[in-house]
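Hi,

Here is the model I promised to pass on.

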Amino acid sequence: MRKQGSDLRERERERDARRRTVQRLQSSRKPFTTSLIAARAPKVKGCNEAELDSLPHVQTLRGFPKEELLGKVVLVRFDSTIILRQELGQQSSHVYNAISTIQYLYNAQAKIILLSNWSMKNNSELLTAESVAELLSAVLQLKVAAAKHVSGIMQSKLEDKGKYDVLLLENLSQKEELANCSKFAEQLSLGIDIFVNDAFSQSHKVLASTVGITRFCYACMAGFHFEEALHQLKKAIETNKRPYIAIIGGGKLLEKAAALHFLASRCDGLVFVGMMAFQIMHAQGLPVPMKLVERGVFEEALKIIQFAKLRGIPILCPKDFWCLNSHIPNRLELFPAHSILEGWLPIDIGPKSLEEISSLLSKSEKILWIGPMKFSSSGQDIDGASKLAIMLDNLNRRNCEITFVGNMACKVFTRVSSSASIQNVVDNATVLWEILKGRKLPGLMALDRAYPFEIDWNAIYTDPTQFLVVDIGSGNGLFLFRMARRRKDLNFLGLEINEKLVSRCLASVHRSGMKNGYFIPTNATSTFRSIVSSYPGNLLLVSIQCPNPDFSKPVHRWSMLQRVLVEAIADLLTPDGKVFLQSDIEAVAVRMKEQFLQYGKGKLTLVEEHSDVDISQGGWLKENPFGVRSDWEQHVIDRGDPMFRIMLCKSTRSE
């Protein structure tokens with residue numbers, strides 16, 4: 001009996017649970033149900049303001065020393081949809097910047113190789129690499145020659161440089177490109193010194209020509225078009241002006257839900273003018289032709305509505321539509337949004353919709369238009385998009401900041417605008433959607449980083465004109481702290497990628513009141529030049545001590561020291577300045593020595609006449625010349641193992 005009673009109570013609990021589930025599902029059909037808001041708080045990741053602010057500051061062609069391009073082989077991944085358009089408008093900032101990237105490299109006397117993918121969709125004349133080279137020659141006002149990407153042909157073409165200005169590789173249409181094939185990427189990089197990515201519209205994809213290739217080039221940076229497009233992307237999302245309204249076109253609400261939540265959290269109103277409008281209307285409980293409703297999207301649409309209601313911001317959907325019936329061709333009928341007759345499909349928004357949108361936008365200081373204003377594949381011209389563009393043109397002339405995202409929005413505005421040009425444009429909507437979802441852009445993340453801040457050296461050091469000593473990979477900072485206490489006549493700077501270690505070091509600097517020592521969290525490989533070149537005094541010494549190679553990954557084994565860093569050190573050292581290298585792994589020390597001698601541009605020589613140099617043991621220094629050991633160095637010596645040390649000096653004749 002006791003067991004039967006237990007089973008009965010269990011069945012009652014199951015029924016109660018099922019009853020509550022049914023009630024919850026039924027109540028979810030009611031629009032703006034406040035009781036559901038807490039229970040159904042959005043759990044989508046999305047982007048947040050901190051993540052947007054932390055979009056990486058990448059190395060740019062504009063910020064790279066122009067003199068360093070002389071004689072270098074530079075591969076430019078250009079955007080064919082911009083440069084190879086059939087109707088090429090030089091007035092477009094995108095076109096101007098894309099062309100300027102190549103012309104700038106040519107004027108800097110770099111050896112330029114161009115790479116892209118193209119199709120006849122953009123230009124019917126693009127049948128072969130030769131025809132593309134001919135078109136590029138006219139656009140760039142340079143002689144462009146076509147070649148295959150096979151290394152032997154490419155090398156022979158490079159040696160034959162006098163007959164052309166720029167080399168164009170064959171069309172990127174291989175499956176290896178889409179698969180980011182490492183071997184294919186390495187083949188593309190043969191003979192290449194510097195990679196310049198100017199195909200921002202491809203930055204959301206993982207491609208061999210934008211991501212894989214960066215592993216094999218010593219410097220990877222953004223071209224002028226890529227840099228400007230990234231700037232426009234950041235500008236589009238800033239909340240520097242209010243009210244800020246987002247006009248949202250296109251469909252596929254489910255896959256863009258996280259991005260829409262972000263916009264709902266950042267904007268002061270959302271206006272839906274594409275297929276997503278029907279998903280929002282359906283979630284609001286309005287009658288919608290079911291053939292226009294996406295499957296599985298109801299709950300996400302409801303969450304967006306509820307979140308907007310919590311914030312007190314309006315969501316506008318069309319109030320009326322111009323509709324077309326396939327059985328009555330060329331006849332348009334106007335229907336209220338909630339009573340579209342069977343057999344009729346909307347193709348454009350109606351006058352009431354435009355009137356309501358105009359009322360909301362008239363108070364705006366900033367507007368983002370993203371996605372196409374399209375409801376069907378009908379060939380009918382969409383007049384509503386043109387009227388909306390005219391509204392935005394009038395607002396633009398009244399200093400409302402407007403950003404157009406995607407080809408459709410930009411084309412419509414260009415057709416009706418009385419403005420000379422469009423300043424705020426993100427040409428690929430998918431890229432912005434990915435950022436709004438909180439995802440990283442692979443093509444962006446693959447580029448070298450640049451230091452994003454200006455440094456107030458006067459606030460860091462008592463005398464910022466003193467000679468500077470830089471320790472790369474400063475770790476816990478013990479070496480620099482001990483050196484700074486000994487030599488008050490020098491300033492010391494630690495560059496360390498581990499932010500936690502840097503935070504501890506800076507806390508120690510603050511507690512001790514030290515004014516000749518400082519630490520910066522950064523990847524010195526990319527940022528050494530921009531940081532140290534801004535220092536008012538001269539660079540006296542650079543030390544790299546016990547870098548930690550990853551022997552388990554042969555491709556990345558020597559990534560702790562790269563050519564771009566060696567060249568920057570060689571350039572910025574003062575005459576007679578020194579480079580101190582040491583490691584407890586002889587192979588690492590040998591590798592570092594070889595790289596500095598190979599990439600030091602002939603400016604650096606080994607200090608072999610030093611009395612402490614042990615010629616019989618490979619020319620390594622017997623002792624640390626500074627009398628101050630790093631913590632790892634002390635650990636190695638305590639266990640009885642050798643250290644392998646060398647000193648290099650910058651020749652006075654190199655300046």
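Which residue in E13 stands opposite isoleucine 247? Tryptophan 369 does. Before the rest, some housekeeping: this is a predicted model, where local features need pLDDT of at least 70 and side-chain atom pairs count only at pLDDT 80 or more, while totals for chains, interfaces and linings use all residues. Residues are numbered from 1 along each chain as its sequence is written, and side-chain values use heavy atoms, with hydrogens and water left out.

Strand E7

Helices (H or I, at least four residues) and strands (E, at least two) are DSSP runs, numbered from the N terminus. Strand E7 covers residues 244–248, and five of the five are buried, so the strand is largely enclosed by the rest of the structure. "Buried" is under 20% relative accessible area, "exposed" is over 50%, and "partly exposed" is in between (1.4 Å probe, protein chains only). Tyr244, Ala246 and Ile248 cover one side, with Ile245 and Ile247 on the other.

Strands count as paired if DSSP finds at least two bridges between them. E7 runs parallel to E13 (residues 366–370), joined by five bridges. E7 also pairs with E8 (residues 269–272) in the parallel sense, over four bridges, and there alanine 246 stands opposite leucine 270. The chain gets from E7 to E8 through helix H11 (residues 257–266), in a right-handed β-α-β crossover; right-handed means that, with the strands pointing away from the viewer, the path from the first strand over the helix to the second runs clockwise.

Rings

Rings of Phe, Tyr and Trp (its six-membered ring) pair if their centres lie within 6.5 Å; planes under 30 degrees apart are stacked, over 60 edge-to-face, and the rest tilted. By that rule there are 13 aromatic pairs. One of them is tryptophan 457 with tyrosine 535, edge-to-face at 5.1 Å centre to centre and 85 degrees between the planes. Tryptophan 457 is in helix H19 (residues 457–460) and tyrosine 535 in the loop between helix H22 (524–532) and strand E19 (539–545), so the pair ties together parts that are 78 residues apart in sequence. Tryptophan 457 is buried at 4% relative accessible area, and tyrosine 535 is buried at 5%. Together with Tyr461, Trp457 and Tyr535 form one aromatic cluster.

Another pair is tryptophan 620 and phenylalanine 644: with centres 5.6 Å apart and planes at 75 degrees, this one is edge-to-face. Both tryptophan 620 and phenylalanine 644 are buried.

For charges over rings, the rule is NZ of Lys or CZ of Arg within 6 Å of the ring centre and within 35 degrees of the ring normal. Lysine 593 lies over the face of tryptophan 620, 5.1 Å from the ring centre, and the charged end of arginine 563 sits over the ring of tyrosine 218, at 4.1 Å.

Asparagine 180 is partly exposed, with a relative accessible area of 23%, whereas cysteine 546 is buried at 17%.

Cheers
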